[in-house]
Amino acid sequence: MTLFILCITLFCIGLYGVLVKRNLIKIIIGLALVEYSINLFLILIGYIKGGKAPIVEKAAEGGIFVDPLPQAMVLTTIVIGVATTGLLLAIAVRLYKKYGTFDIQKIKELKG
Amino acid sequence: MTIIVKKITQIIAGPIFLYGLYIVAQGHLSPGGGFAAGSFIAGAFILLVLAYGDKLRHLKTEEFESSLIETLGILFFIITALGALLLSIRLGFIPVFFKNFLTKGIPGNLFSAGIIPLLNIAVGMEVGGALFTIFLEFVIRSSKEGK
Amino acid sequence: METLLIILLLLMIAGAIYALEAKDLLSAVVSFGIVGFGLVICFLLLQAPDLAIVQVVVEVLVLVIMIAVIINTTREEIKEKIPRSTYIYYILGFIFVVGFIYLFAVSIQGLSEFGKHSTRMATEYIKNGAVKTGSMNLVSGVVLDFRGYDTLGEITILFTAVVGILTILRLKGRKHE
C-alpha cells in the first residue's frame, strides 16, 4: 500500500514538471518520470512474495513464479519510451535552433 | 579523448558486443532476449563512437548502414510471421499469424522453441539499429552545428 | 525487502524533485539518472532480470543523448522572476495533486496487497508456457509467442520514431526573404 502511494507520488512529480515548468528539457524529464513510475507500478502489482524470476529451470520445475505478463508488457514499454524521448529531444533541438531558447513562453510569443 | 579512455574502449568494446550476441542466442533459455541484446549491441558501438568520435570520419556511412540494419530487422520480423502463416497451411496446421510451426525440440537446448530464436534475432537487429541510429543522428547534426 | 523498496523509492523521489528544481540543466539531467538507476535496482529486487538488463543500457543511452543536446545548446535554466499572478496556479496545482493522490488511494482498495498477487490470467502461461512454446524464459515466450502482435506493434512504433527523428533533424529551415 505504501509502495503504491509512493509510486503515484513519483507520477505526480512528473506531472508537476510537465504542467508547471517552462523549460523544454525539464518538461521532457517530467514525461520520462511519468513513464518510469508507471513501469514500476505495473511490476509492483505483478510481484508475488517468495516468487522467483519466470525462468523454468531444468532441475526444479514448478515452484512459484512472479507474473510474467506485466514484465513482458513493460519490456516493450521501456524501448518505446527511449524512442519517444529521442523524438521529443529532436523537436527541442529544432526549436532551439530556430528561436535560440528553451523557454516555451518566449517561443509562444515569437512569430515563426 | 585521452589515451586511457581509448585503450579501455579497445579492450571492452569487443566483449560487450559478444555478450550482446550471447544474450540474443540464449534469449529463450536465460534472462535477456532481443530487446536487451539490441541495447547491448548499440551500446558497444556507441562506446566506440564516444571514444574515437573525432577520428572516425565515416559516421555518415555508419548511419546509413545502421538504418539499413534496422529496416532489415523489421522486414525479417514480418516475413517470419507471414511465412509462419503460409507454411502452416502447407504443413497441415491451422493457419495462424505467428504460428510456431517449427519443431519445439527439447526445452532447454539451444536449438529449441521453434521460431522464437528467429524472432529474437529480428527484434535484436531492429532495436540495436534503431538506438544506434538515434544516437548517430544527434551526434552528426549537433557537431555540424558547432562549426 | 519492502523496507528496502520504500527507501529506494524515497531516494528516487528526492532525485526527481531535484531534477525538476535544479538551476543548472546538466545537474538536472545527472540527478534524473538517480531515478533511472534506482529503477534498475527495484527491477532486480522484484525478480525481473530481463527488465533490469534493458533498463540499465537504455538509461545510459538517454543520459548520453540528453547531455549531448545540452552541451550543444545551453545549460542555463530560465532565470526570470515569476509574476505574482502565477502563484495561484502553483496553489491550484498543489491542491489538484493532493486530490489526485487521495482518489488513487481510494480506488486502490480493490487491488490485492503488495506481494499477494493472484495470477488470474497468467496461470495458463506459467503452467503450460514452457511446454507450449518450448521456451524456458517465460517472458520471452509471452513476448514473442502468446503476444506476438504486441511486439509487432512495438517495433513498428520504434521504426516510426526513428523515421521521425531522421526527418526532424534533417529538415532544413525555410529561408525567409
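Which residues of helix H5 (residues 123-133) of chain C are buried? In this predicted model, the buried residues of H5(C) are Tyr125(C), Ile126(C), Gly129(C), Ala130(C) and Thr133(C), where buried stands for 20 or more other C-beta atoms within 10 Å of the residue's own, exposed for 12 or fewer and partly exposed for values in between, with C-beta atoms placed from the backbone. Helices are DSSP runs of H or I with at least four residues, strands are runs of E with at least two, and both are numbered from the N terminus.

Seen down the axis of H5(C), the buried residues fall within an arc of 105°, so they line one face of the helix; the arc is that of the directions from the helix axis to the C-beta atoms. An α-helix has 3.6 residues a turn, so residues three or four places apart point the same way. On the other side of H5(C), the exposed residues are Thr123(C), Glu124(C), Asn128(C) and Val131(C). Just after H5(C), Gly134(C) takes a positive phi of about 80°.

Residues are numbered from 1 along each chain as its sequence is written, while chains are lettered from A and ligands numbered from 1 in the order in which they are written. Because this is a predicted model, local features need pLDDT of at least 70 and side-chain atom pairs count only at pLDDT 80 or more, whereas totals for chains, interfaces and linings use all residues.

**Contacts between chains**

In chain A, 68 residues are in contact with 76 residues of chain C, a contact being a pair of residues whose C-beta atoms, placed from the backbone, lie within 7 Å. On the side of chain A that touches chain C, the elements giving two or more residues are helix H1 (2-20), H2 and helix H3 (68-99) of chain A, and the largest share, 24 residues, comes from H3(A). Between chains B and A, eight residues of chain B are in contact with eight residues of chain A, and helix H4 (residues 116-146) of chain B gives the most to that side of chain B, with four residues.

The table sorts residues by class: Ala, Val, Leu, Ile, Met, Phe, Trp, Tyr, Cys and Pro count as nonpolar, Asp, Glu, Lys and Arg as charged, and the others, Gly among them, as polar.

| H2(A) with H3(A) | 17 residues | six residues | one residue |

**Helix packing**

Helix H2 (residues 24-46) of chain A packs against helix H2 (residues 25-45) of chain C at an angle of about 10°, with their axes 11 Å apart; axes are lines fitted to C-alpha atoms, for helices over the stretch in contact, and angles run from 0 to 180 degrees between N-to-C directions. That makes H2(A) roughly parallel to H2(C), since angles under 35 degrees count as roughly parallel, over 145 as roughly antiparallel, 65 to 115 as roughly perpendicular and the rest as oblique. Residues making this contact include Leu33(A) and Tyr36(A) of H2(A) and Phe32(C) and Val35(C) of H2(C). Within chain A, the axes of H2(A) and H3(A) come within 10 Å and cross at roughly 180°, which makes H2(A) roughly antiparallel to H3(A).

How values were computed:
Contact = placed C-beta atoms within 7 Å.
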